[in-house]
Amino acid sequence: MLEVFVFSTLNGLVTGLLLFMLASGLTLIFSMMGVLNFAHASFYMLGAYFAYSISLKLGFWAGLLIAPLLVGAFGALVERYALRRVHAHGHVAELVFTFGLAFLVEEAVQFFWGADTKNYQSPDLLNFPLFTLFGQEFSAYRGFMITISVGIFLALYYMLTRSRIGIIIQAAITHPHTVANLGHNVPLIFMAVFGVGTALAGVAGVIAGPVLTTFPGMAVVLGSIVFVIVVIGGLGSLGGAFVASLMIGLLQSYAIASNLGMPDLLNWLGLEFSRDHPLNDLWTLTLPQIAPVLPFLLLVLVLIFRPTGLAGKREE
Amino acid sequence: MLEVSALNAYYGKSHILRGVEFNVKAGEIVSLLGRNGVGRSTTVKSIIGEVSPQGSIKFKGEEIAGRPSFEIAHRGVGYVPENREVFPTLTVRQNLMLGIKNDQKKPRWTMSEIFEMFPNLAERADVSGGVLSGGEQQMLSMCRTLMGDPDMIMIDEPTEGLAPKVVEQISRLLEEIASRGVAILLVEQKLNVALRISHRLYVMGHGQIVYEGTPATLKLADEIRSEWLEV
Ligand SMILES: Nc1ncnc2c1ncn2[C@@H]1O[C@H](COP(=O)(O)OP(=O)(O)OP(=O)(O)O)[C@@H](O)[C@H]1O
Ligand SMILES: [Mg+2]
C-alpha cells in the first residue's frame, strides 16, 4: 500500500508540474489578453514535434534547447502579427482566432509529420532507474522532468517577483496604460510574455513527448485539462494554477493507482448491489476508468462552491 | 518646451477638446484651471498619448501627437494621473522602480534622494503601496514619475481630497521640482495653490482655453474668475 502511495505521489508530481508548465503560461497570457488562448496546447505539441525532429539529427539535448526557442519565437510572431491585430476587433474575434490556430497547427502537424505516433525517445543517458523502492523502479527520466520543471519555475518566480523587468511585467499585465505612461514599451512586453509563455509550453512538450507519446492528438488531450486547471485555480492567478495543477496531477495519479471499482466503494460504504441492477454498467466502472473525468468533476464542484476559482478575485 | 495648437480630442462621438492652444516654456510652472468636466484631464491625457489627439503637440520642437505613450515618456514627458495609480500589491520601493526607464543616464533624482526628501516613504519602503494614505500615495505617484527623470511633468490634481498640511507638502515638492529645471504643467482646482506657485495660468471652459494670464492678472480679472472658475 505504502509503495503504491509513494509512487503515485511521485508520478502525480511529474504530471502536476508538467501541467503547471502549460497552465502558468496560459494564465499569464489570459491576464494579458483577457481571453483564454485555445491554441496554447498546440504550442506544447509543436515543442514535442520540433524536439523529435531535432533529436533525430542532433540528439535529445539539442532538441531540449532549440525546440522551446523555436516555439517561443513562433509564439511571439503569432502575437505580433496576428493576435495584436485581431485584438482590435474584440474578445470574440480573439477566441475564434485561437480556435482556428489550434486547428491549423493540428492539420499542419499531420501534414508534415503524419498521423501516426512518433517514436520520440528519452535520452539513453537517462535510461536507468533512479532508485528502486519496494522493488519498484523510478526512472531517472522522471526525476529529470521534476528537476527541470522545478528549476524553471524557481528561475521564473525569482525573475517575476524580484527583478525590475519582472515588476514591470506584473504591473503591465494589470495596468498597461500606467506602465506605458512611465516610458515602458508595453506591446513589446506583451510579445515577450507571449513568447516566454509559449516557450514554456514548448519545454513541456519536449520533456513530455517521450513519456506521454508524441501524436497529433496530444494537444487536445492535454489542452482541455489545462483549461480546467486555469479555471479551477482562478483565471489569471499563478498561485492558484500551481495548486490546481498539483491537485489534478495527484488526483489522477491516485485514481489510476487505486484500482478500485464502484462495487468496492459501495461495499465500503456498506451498500449492497446486485449484478442484475439496471445501472450495472455504472457500478462496474473502476476508478482508473473514470480518472480522465475527475478533473472535470472537480471543475464542476469548484464552480458550484467557489465560482471565481481557488485564488480568483471577483470581478468588480 | 511644449507647444499645443488646434488640439481636438473625442471620446467616441463626443467632442471634448475643441482647438486647445497653449504652451509651457522650459523651467516654468504653468497651471491649467477650470471647472469639473471642462477637459483638463483630457488635455494632459492627449499629450501623453493615452487619449488619441488630433492637431499639433510639439515637445522640444518635435511633433509627438499620435506617437505611442512610452515613446512620448522617453522623450521627457512625465505624467502623474489624477487617480494616482499606485500599484497596491507592489511595495513602495517597487513602485518607484517602475518609474525608472531603460537606458537612463544620470537622473536628476535618485531613489536615495527621494527617500531623504520623504522620510515617511523611506520608513515604508518595503510596505505595499495599497496601505499608504491618500497623501502618501500622491507623493509616491509623483516620485515614481520623477524617477524617470522627465524634463516636463504634467500633474493632474495632486491636492484633490488632501488635508491642508499635505497640500502644503505637495506645493513644496512642486517648487523643488521646478528648482531643478523641470517644467511643470499643473492641473488644479485649488485656486490659492495655483496662484501662489504658478508663473503663468490658463483657464479652460467647454474644451477651449478661455483665458491666459499670470497670477497677478488673474487676481484682478474678477469676471473671468466668476464666469469660469467659481462655483
Ligand atoms: N472615458 C471617457 N469616456 C467618455 N467621456 C469621458 C471620458 N472621460 C471623460 N469624459 C468626459 O469628457 C469631459 C471632460 O473630462 P475631463 O476628465 O477631461 O474633465 P476635467 O476637466 O479633468 O474635470 P474633472 O477631473 O474635474 O472631472 C467630461 O464631460 C467627461 O464626462
Ligand atoms: Mg480631471
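Start with the contact, which takes 19 residues from chain B and 17 residues from chain A; contact here means heavy atoms within 4.5 Å. This is a predicted model, in which local features need pLDDT of at least 70 and side-chain atom pairs count only at pLDDT 80 or more, while totals for chains, interfaces and linings use all residues. Residues are numbered from 1 along each chain as its sequence is written, chains are lettered from A and ligands numbered from 1 in the order in which they are written, and side-chain values use heavy atoms, with hydrogens and water left out.

Show both chains as surfaces. About 1,700 Å² is buried between chain B and chain A, and carbon and sulfur atoms give 62% of it. Buried area is the accessible area (1.4 Å probe) that two parts lose on being put together, summed over both.

Next, select B:Phe70, B:Phe87 and B:Leu98. These supply 33% of the area that chain B buries against chain A, more than any other three residues.

Now colour helices H2 (69-74), H3 (92-99) and H6 (134-147) of chain B: these are the elements that give two or more residues to the side touching chain A. Helices (H or I, at least four residues) and strands (E, at least two) are DSSP runs, numbered from the N terminus.

Then move to ligand 1. Among the residues around it are B:Tyr11, B:Ile16, B:Glu82 and B:Glu157; a residue counts as near if one of its heavy atoms lies within 4 Å. Helix H1 (residues 40-48) of chain B gives the largest share of this shell, 3 residues.

- B:Arg40: a polar backbone atom is 2.8 Å from a ligand oxygen.
- B:Ser41: an N or O atom of the side chain is 2.6 Å from a ligand oxygen.
- B:Thr42: a polar side-chain atom lies 2.5 Å from a ligand oxygen.

How values were computed
A polar contact is a pair of N or O atoms within 3.5 Å; within protein, one must be able to donate a hydrogen and the other to accept it, and residues adjacent in sequence count only if both atoms are side-chain atoms.
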